[in-house]
Structures are given as C-alpha cells and as structure tokens.
Amino acid sequence: MKKNNKTKIVSAVLIVALLAVLLLLDNTKGVPSMLLTVLRKGAIYALVAVSMNLLNGFTGLFSLGQAGFMLLGAYTYAALTIPVESQTSIYQQYPGGGVGFSITEGLTNAMGGFGLLLGVVICLILAGIVAALLAYVIGLPVLRLKSDYLAIATLGFAEILRAVVQYAKLGPVTNGSNLLYGFTSFDDFKIGSLKLSTVMPFVFSGLCIAVVVLLINSTYGRAFKAIRDDEVAAEAMGINLAKHKRMSFVISSFFAGISGALLAMYQASVQAVTFKAAMTYEILLIVVIGGIGSISGSVIASFLFVGCSEWWLRFLDNEKTLKNFNAKLIFAIIFGLIVAGIAVAIFFKQKKNGKLGANVPCIGTAIVALAAIGWDIWFVISPNLKLPLLRSGFRMVVFSVIIMVVVLFFRKGLLGDQELPDVLHRFGAWLQSRFGKSAKGGDAK
Amino acid sequence: MNNVLTIENATMQFGGVVAVDNMNLRVDEGEIVSLIGPNGAGKTTAFNVITGVYAPTNGRVEFCGKTIVENHPQGKMEKLYKGQNNGQYTHVLKPTPDKITKLGMARTFQNIRLWKSQTVFENVLIAKHCRTTANFFSATFRMNHAEEQRQREECDELLSVLGLENVRNELATSLPYGQQRRVEIARALATQPKLLLLDEPAAGMNPQETDELTAFIGKIRDDFKLTVFLIEHHMDLVMDISDRIYVLDFGKLIADGTPTEIQNNQRVIDAYLGVSNDA
C-alpha cells in the first residue's frame, strides 16, 4: 500500500513537471518551432495510436479504419465551433451553409475563458460520440469478419467516409471538398498572456490515454485480452464475443474521433483529403514500432515517428552540396567507420555463436561492407561535392528501410507487449544484480 | 436426484458424415458420468453440441430443467430465441457458448486453450468476467471496487484449493502439462458452474499424474457440489471415478451403465477390440 502511494506521488510530480516544462517551452522565445510541432502533433498521434492499439493490440481486431473515424471527429468538431460571423465567408460555395451556431463561441461569450474550455470539451466529446455511433453501425456487419478481411472492410469504410464528406449535398455542413477553418484551435487557449498551445494537446490526449489505460486494466480490458489470446476459450468462459468486440471497436473509434478533433485544432483547418489511408498506415506504423499491446510503447513511438518525419529526417529530402574537400573527407571517414563498425559487430556476433565462416550471413556482410567502403573511396576521389541520394522523397525510402528492419529483426517493437514502468523496473533490477549496490541508476520507482 | 443435463435425439451431421447420431443421455445432480468411445466416435462433437459451439442438426439439450439448445428441422423453421413454443412452431434455439456458460455449464478443452499472455491468476480472474455485474463505464472508473476485490479473493481461494497458489504469477503456458490442466479446471470453476464438462482431462499425462487427477476430480465434485461429465480415454481413471458410463461408437450410443456393467458388455468390447469375422 505504501509503495502504491509512493508511485502515485512520483507520477503526480512527473506530470506536473512535464506540464511546467511545456508551459515554459510555450512561452519562451527562441524555442525551435519544430520542437513545438513535434510535441503537439506527437501528443495527438499518441492518442490515435493508443486507440488503434486498444483494438489491434488488446482485442486482436486488425482494423484499418482509424483515419475515417478521425475525419468524422475533425469535421464534427470544426462544424460545431466555427464562429457564426465567419460561417458565411467559409461556406461561400454553399450559401446559407454552416450550422448557424458555435458552441465554443456561445459559451465563451457567456462564461469567458472557462466557457471556452467547457465548449471545447463538449465539442470533443461530441466528436467522439459521432465517430462512436458510426462505428457501432459499421461494426454490426463488419465485426463478423476476421483478421485481413476485417482490415479490408474497415479500410473501405474509411475511404467511403472520406468520399461522402466531400459529397456536394452535404456541403452546407462539411463545405464539400473545401477547407473548414477559423474554428477554435489550441492557440485560443490562454491564461492572461500565457500561451497554452502545447500544454492543451498534452492535457486532452493525456486524459484520454489515462481513460484507455484504466479501461485496459479493468475487467473489460482483461476480457479484451482474452479474446485476443484465444477467441474460442474466451467464448467458452462466458465472454460474449460480439458484444465485447463491438465495445472495443466503439471505444477505439470514440477516441479516434477525439484525436481527429484535436488534430483539427492543431492544424487549424480541416480538409477531407488529409485523412487518407496513408494516415492510417502512419498510425499502424507507430503501433507496430511501439509494440503491439503496449500503451507506453505507442506513446513513445508516436513522438519518435513524428519527430523523424517532421524534423530529424527532413534533411534527407533536401539536396546538399558539401562546402569543400575537407568536409567531404570527414563525411567519407565517418561513413566508412559506421559501415566498418556494423560489419565488425555482425562478425563478432557470428563468432560468439560459433558461426563465423563461409556462410551466407558472413559473406553477405563482407560483400555489402566492401561495396559500401569501395563506394566511399570512389566518392572521395570523384570531384563531385554533392551528397548522393539526398533528394525529395528519400526520407520515405529511409522510413521504409527502418520499418523493414523493425519488422525483420525487432518484431515485437520497442516494448513488445510490456509497459514502460515494468521495463524500467526490470532494467533497474538487472543493473542492481549486475553492478551490485553501488549502481543506483535506472531505479524507476 | 435432480436431473442436470438431458440430451434428446441429438444428431449432428457434417455434410454426409453423421458425427453424433440420435443420442439420448441424462446426467443427474452430483454424478460423475463419463462418455467413452474409440477415436472419432463423436465424443467431442457431442460436447460441442452441449456447449453451443455447434448447433445440432436435430435434437434438444436440456440443462437444469430448461431447454438451452433445440432444433427440430422437420416442418417450418422459426427463430424464437425467447418466445415460448406454443406447439405451433418448430423451435430453433441456438445460443452462443457464452450464454450457456452463464447458465452454469463450464468446460475444459481437449487441447489446452489457456490465454497465453496471461498469468495463472489472470486466467482465472478473466473467467470471473462473465459473473461481473458492473458495466464498462463503472469498471473503467473503478466504481466496482468491492466486486473486483471480492472476485480477486475468490480467485486466490480457488487457486489455493487447487494447489496452484505458488505458481500464481507464472505465465500459464509456461507450466508443466499437468498443472496447465489444473489451471484450465480452475478457470472453468471460476465461472461458478453447476455442471463441469471435462474433455480428456488426462490426455498426455503420465500414470502418476492421472492418479492424482482421479482423486482431484472426485474432490472438486464434493467441494464445489458439482456434477461432472467427462470424456476420457484412460480406462483406469474412467472406471475408478465414474458413477455411470456411456459408450459412443460411430456417433451412436451403444451402451450405458455402471463401470462393472460396461466392462462386461460384449458390444463395448467389440467396439474397442473389433469383431472377429472368422467365426
């Protein structure tokens, strides 16, 4: 009991510290805007990934409809919060369009800042409910399917949704294929002059993820896991498959809807074309990299993914010419060392396993390493100063390679089906056993 | 003695194969009844009909005086899940296995089906889910704390009765075979059944484990006031613990009676050993 309290205090302190840091980042000049982008988008993607993990990782239903439910959430939120006076200009293609009221605006006028928060919360929940209702309806036929068939059917529904939203007859609400904008976004949250643009995504998505975690550790979450592990046994032990699968699907879609609304708030505009199947794949990628069946894995992976795609791997998309020969030489040496290092590591591992010799892995490694180093030398000799391969689209190639490596060698993802506190705890115990009492590092609790 | 399970005229046909042919049997309260028969006789199919995995081609299953599965395809078919049969309609009653489990019938599987990523304790606890009264909202926000606590205590009690308390936190599938069987039985007991169906509980066990299991089944029958209906190939076990035995061969019941009667029944001996055509 005492330990439990200690854990609670530690997590409360960590949460407060995190929010304080975010608040500081929000209001300090000179913070790289990319960092803020990654934090905001990462927090939102974390929620979608967790909602997808609830379905794919914890209930064992392979569904690819996430983007569709996000789209619904985003449109619901946007349509309900566009200020009344700007509705005519936004819906100019559809005269008389717009819902004719704005929940956030109305509540802000009535109650000020608190009204704004209340309005946003109401609209987020409505966004979730709309997505959940549709999920219920879609789930009735679709959840009879299994594995790949379910994935195809849900993917199809998501694409249908995207087409329906752009249907001209729905224009007065959805604005057809045009943008919706001007609605309440994260930038509208302020305490005095303090900006809360990064804090709010964390608050909203953190609360939602907390609910999912609570659900997963409840008796219903355990039933979901039973369905994932063995459907036949689950049914024989009195778990109603249809009901629980539908429940998981609806809850997952509810949170997907909310995260869609959050994404709309972050982008400050909504357009149906952005919610393509590619978005679902991005989320699936996050779930796979983080570990299917691990909430903390999904959260970490979503920040890593957003960080890579928005920031750290950006340089791969830009052509770069080195300044002079020295820079080229340094680049070539570093590249050569990395290649040699990897090759040596592989050889060492083979030797440790007693497999060093004329076999496919060893010869393959040798050929690839020699080719890479040969190219390296050629690159130094050649007069060209431009770095090869770097051009628009190369980022996606690197991404694909990373995914292949993850799928081939780290099939369980970052955390497998475990949670971060457990992993840290075990790591701490391992450190203690390895280095005795002198090492206190890694003691998470 | 109250009747717990009655099967009337149950037939299960897969295309041209008649796996169970016009089976009639009854199990009374507190009995241990065995269903035996050579390989492929249709024993597991009979179990699957009883537990709702298959809908029978014809026949009726009654559990504690209530018809739970029914299909009479002669004449007009009507789906009347809840309505009374007024004698006008033929009646198709085809509940899913979970509903039958909730009525108080629990089973184990021939090839062990434990939830592989869960510990022993979690395996048992999940089986309690069907007795949970909380809805998902109150369960998520921990408003069912008292119930959850009670269920956990019940599971711990069950584990200690079955001698599994020292492997409580092990992964269920990492245990030796005999203990996995026990976990499966513990899991079935956690659903609070009146009737326990065991599908080859001694399969793959050595003689010593089988002896333990024999004593164990008798013990849980007395402790939990259960009725046990089991399929088994180990004749020692069957003859030791059964009050009555049914013998199935090619889908047909060929004999029933006490263990002594069965041992001396010529048709049973023929079914197991084959009939000599030389005579």
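This is a predicted model: local features need pLDDT of at least 70, side-chain atom pairs count only at pLDDT 80 or more; totals for chains, interfaces and linings use all residues.

Visitor: Which helix of chain A gives the most to the nonpolar patch on the surface?

Guide: The patch is formed by M111(A), F114(A), L117(A), V121(A), I122(A), I125(A), L126(A), I129(A) and L133(A), with about 720 Å² of accessible area together. M111(A) is found in helix α5, residues 103–111. Eight residues of the patch come from the helix that gives the most, spanning residues 113–142, and that is helix α6.

Visitor: Is M111(A) buried, partly exposed or exposed?

Guide: Happy to work that one through. Buried would need under 20% relative accessible area and exposed over 50%. M111(A) has a relative accessible area of 40%, so it is partly exposed.

Visitor: How much area is buried between chain A and chain B?

Guide: Let's start with the contacts: 27 residues of chain A are in contact with 32 residues of chain B. In chain A, R222(A), D229(A) and M237(A) lose the most area to chain B, together 28% of what that side buries. Carbon and sulfur atoms give 60% of the area buried between the two chains, which is about 2600 Å².

Visitor: Which residue of chain B forms a salt bridge with R222(A)?

Guide: Good one to check in the viewer. The rule finds two salt bridges across the interface of chain A and chain B. In the one formed by R222(A), the closest N and O atoms are 3.1 Å apart, and the partner is E148(B).

Visitor: And which helix gives the most to the side of chain A that touches chain B?

Guide: Across this interface, 13 residue pairs are found in polar contact. On the side of chain A, α9, α10, α11 and α12 each supply at least two residues. With eight residues, the helix that gives the most is α10(A).

Key
Residues are numbered from 1 along each chain as its sequence is written. Chains are lettered from A and ligands numbered from 1 in the order in which they are written. Side-chain values use heavy atoms; hydrogens and water are left out. Patches are made of residues with over 30% relative accessible area and no salt bridge: like charges are joined within 9 Å, nonpolar side chains (Val, Leu, Ile, Met, Phe, Trp, Tyr) within 5 Å. Accessible areas come from the Shrake-Rupley method with a 1.4 Å probe; for residues, only the protein chains shown count as cover. A salt bridge is a side-chain nitrogen of Lys or Arg within 4 Å of a carboxyl oxygen of Asp or Glu. Helices (H or I, at least four residues) and strands (E, at least two) are DSSP runs, numbered from the N terminus. Buried means under 20% relative accessible area, exposed over 50%, partly exposed in between (1.4 Å probe, protein chains only). Contact means heavy atoms within 4.5 Å. Buried area is the accessible area (1.4 Å probe) that two parts lose on being put together, summed over both. A polar contact is a pair of N or O atoms within 3.5 Å; within protein, one must be able to donate a hydrogen and the other to accept it, and residues adjacent in sequence count only if both atoms are side-chain atoms.
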